[in-house]
Amino acid sequence: MNALSLSEVTVDLGPRRILERINLVVTPGSFTCLLGPSGCGKTTLLRAIAGFTPLSSGDIRLGERSITELPPEKRHTAMVFQSYALWPHMNVGDNLAYPLKLRGIPKDERTQRVATMLERLALGGFEHRSVTQLSGGQRQRIALGRALIIDPPLLLLDEPLSNLDASIRRSLRGELRQLQKSLGLTTVMVTHDQEEALQMADQIVLMREGHIVQVAPPASLYQQPADLEAARFLGVDNTVACSPQDPSALAGAKTLGFRTREARVDVAPSVNALVRRGQVTECVYTGDGYQIGVTANDQTLFATARTPVEAGRFVTLQVPESALIPFGPDHRYMPSLNAQEHTA
Amino acid sequence: MFPAMTAVVLLYALPLVRSLASAFHGDDGLTVAHVVRAFTLYGRDVAFSIGVSLGALVLIAIASIAIAGYLTLGATRWAVRVLRWLYRWPLFIPFVVAGQLSRSFLSTNGMMNTVLIETGLLSAQSAQSFLDWRGLILTFAWKQIPFVTLLLAGAMAAVEPSHSEAARNLGAGRLRALFHIVLPQAAPTLWVGLILSLVAMLSVLSVPMMLIAGNPTMMTSMMAHRITYYGDYGVANALGLFSYALTAVTAWVYLRLTLARETQR
């Protein structure tokens with residue numbers, strides 16, 4: 001049985017269609033990321049699941065139960081908001097205990113469960129603190145704790161890490177994922193950060209303009225993006241027209257895409273690689289090496305090098321076959337011959 | 001800064017102090033005779049004023065919370081739009097006109113009784129006039145509800161929508177979200193609205209004059225009476241002193257409450 005299933009979910013806001021016939025299945029205990037540029041409808045989809053955005057048509061099921069017609073308070077999903085939405089007129093303990101209070105749980109048990117939750121969040125003894133005195137990371141944890149304290153069948157996260165500093169964000173990613181795994185919580189998270197989605201998700205739902213473009217595990221999404229636009233969103237920053245001397249397995253492809261970090265200008269020539277000769281136009285230090293701009297056939301491509309390369313020098317840019325992503329004339333991903341043989 | 005200060009001192013502080021001082025000033029110097037006299041003669045009116053004001057404030061609070069709450073959390077969009085458009089009308093009607101409207105609405109043969117009798121909800125024999133304390137409470141509330149609602153709805157709209165959404169998401173219905181989450185955050189504004197309404201009610205002369213013929217009545221009526229018929233500024237100012245005291249007590253309670261909350265944080 002699926003934990004969550006959406007069928008033909010459509011949402012209109014006035015005359016504008018925000019979501020168009022979304023179909024999605026989420027398996028129990030999995031971590032799903034809704035990924036896409038801003039305005040693609042990912043947050044609207046999350047809010048529709050939580051019950052804050054009415055559907056124009058379609059159905060949402062939690063387990064076997066349809067929740068489409070239920071108000072938010074009857075859906076039993078737990079959502080963590082981007083702004084955390086902690087109530088400033090209640091202290092930390094009261095914020096955490098409120099959902100329990102609503103469920104008629106006696107005071108002693110509430111106190112006990114709040115203390116246990118705070119311990120789990122590594123914020124033991126914070127009950128009487130004001131939420132306004134907490135740091136961003138602490139607020140985020142309290143917001144998460146408030147959602148988890150009711151053992152929800154579905155956890156919804158709306159860009160929960162986007163307001164935090166890079167270092168806290170990285171450590172919380174790991175914590176959040178571990179907590180989710182240990183509790184076996186079915187989770188749907190909205191993010192516009194592809195790195196976050198790739199690191200955390202079991203399944204990524206790539207969205208664009210109210211449609212689902214691709215649903216895939218992180219590795220497949222990264223290596224086989226559905227089309228050229230999806231590839232660009234996922235960091236494929238170079239594209240070249242395929243030529244006859246390129247690796248034979250890619251025959252039939254119109255365009256080849258690759259990431260700057262996969263392209264080198266300082267390695268020995270090898271067979272089965274994409275090769276372009278050109279002149280260096282720029283060389284920028286990136287911390288773990290240099291990013292080299294190369295003009296080849298009137299097109300600027302980017303590659304990496306361990307040592308700086310002078311502008312004006314002629315170099316050979318190489319990308320191994322395994323790092324090339326082939327696209328057909330319709331700009332859609334085209335499985336390479338090797339991969340086809342493999343699957344056959 | 002200096003001209004502004006001078007204007008405030010000359011136009012506001014000085015007359016206030018003068019009127020306060022004259023409440024304690026008699027032919028032979030300092031005296032509490034005016035205050036004692038005001039209390040003996042008009043004690044019932046002071047109590048009446050307090051009762052009517054409190055009654056009206058309770059009504060104002062209930063109605064403004066209901067209206068502002070619906071404006072903030074209401075689900076039916078057209079109803080919210082209509083309500084938002086409708087509720088402000090009494091703001092633009094002067095107290096004296098409100099008094100006149102009440103007279104023709106609440107009297108024995110007024111519109112309210114006529115409608116009730118015509119619909120069969122009331123027999124013609126048991127129809128009675130509401131032109132007493134009930135009329136005052138209703139008129140004051142009618143006039144002040146839009147004002148307090150305007151302030152309160154603004155404060156409620158300033159509470160981040162995700163706060164009430166988080167509560168609903170965790171299992172609270174709309175009403176609980178209103179009373180547990182939105183209202184506590186907007187409460188300071190409600191208090192301000194109620195205190196300003198109290199001041200307005202304690203200063204209006206036209207409404208009690210138009211609605212109430214005999215005694216007891218609001219302090220303002222008696223102050224006007226004392227000045228117009230007796231030229232007795234001492235007792236009139238002593239009555240004014242009770243009005244200040246009443247609003248001061250309310251303001252003090254409000255400050256205590258907000259301070260208590262601040263220190264709790």
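**View 1. Burial and overall build of chain B.** Of the 265 residues in chain B, 34% count as buried, meaning that 20 or more other C-beta atoms, placed from the backbone, lie within 10 Å of the residue's own. This is a predicted model, in which local features need pLDDT of at least 70 and side-chain atom pairs count only at pLDDT 80 or more, while totals for chains, interfaces and linings use all residues. Residues are numbered from 1 along each chain as its sequence is written, and chains are lettered from A and ligands numbered from 1 in the order in which they are written. The C-alpha atoms of chain B occupy a box of roughly 70 × 60 × 35 Å along the principal axes. Chain B has 11 helices and 2 strands; these are DSSP runs, with helices being H or I of at least four residues and strands E of at least two, numbered from the N terminus. Read from the N terminus, the order is α-β-β-α-α-α-α-α-α-α-α-α-α. Among the contacts in chain B with a separation of 6 or more, 73% link residues 24 or more positions apart; a contact here means C-beta atoms, placed from the backbone, within 7 Å.

**View 2. Where chain A meets chain B.** Here 20 residues of chain A are in contact with 15 residues of chain B. On the chain A side, β6 (77–80) and α2 (92–102) each supply at least two residues. By class, that side has 13 nonpolar, 5 polar and 2 charged residues. Ala, Val, Leu, Ile, Met, Phe, Trp, Tyr, Cys and Pro count as nonpolar, Asp, Glu, Lys and Arg as charged, and the others, Gly among them, as polar.

**View 3. The open sheet of chain A.** Follow the 6 strands in the order β6-β7-β8-β3-β9-β10, with mixed pairing; two strands pair if DSSP finds at least two bridges between them. Because β6 and β10 (211–216) of chain A stand at the edges with a single partner strand each, one side of each has no neighbour in the sheet. From one strand to the next, the twist averages 20°, with axes fitted to C-alpha atoms and angles running from 0 to 180 degrees between N-to-C directions.

**View 4. A parallel pair within chain A.** Strands β7 (residues 154–158) and β8 (residues 187–191) of chain A pair in the parallel sense over 4 bridges. For a closer look, find A:Leu157, whose bridge partner in β8(A) is A:Met189.

**View 5. The two domains of chain A.** The domain assignment gives domain 1 (4–225) and domain 2 (231–343) of chain A. Their centres, taken over C-alpha atoms, are 38 Å apart. In chain A, 6 residues of domain 1 are in contact with 7 residues of domain 2.

Key:
Domain bounds come from an automatic or database domain assignment. Two residues are in contact if their C-beta atoms, placed from the backbone, lie within 7 Å. A residue is buried if 20 or more other C-beta atoms lie within 10 Å of its own, exposed if 12 or fewer, and partly exposed in between; C-beta atoms are placed from the backbone.
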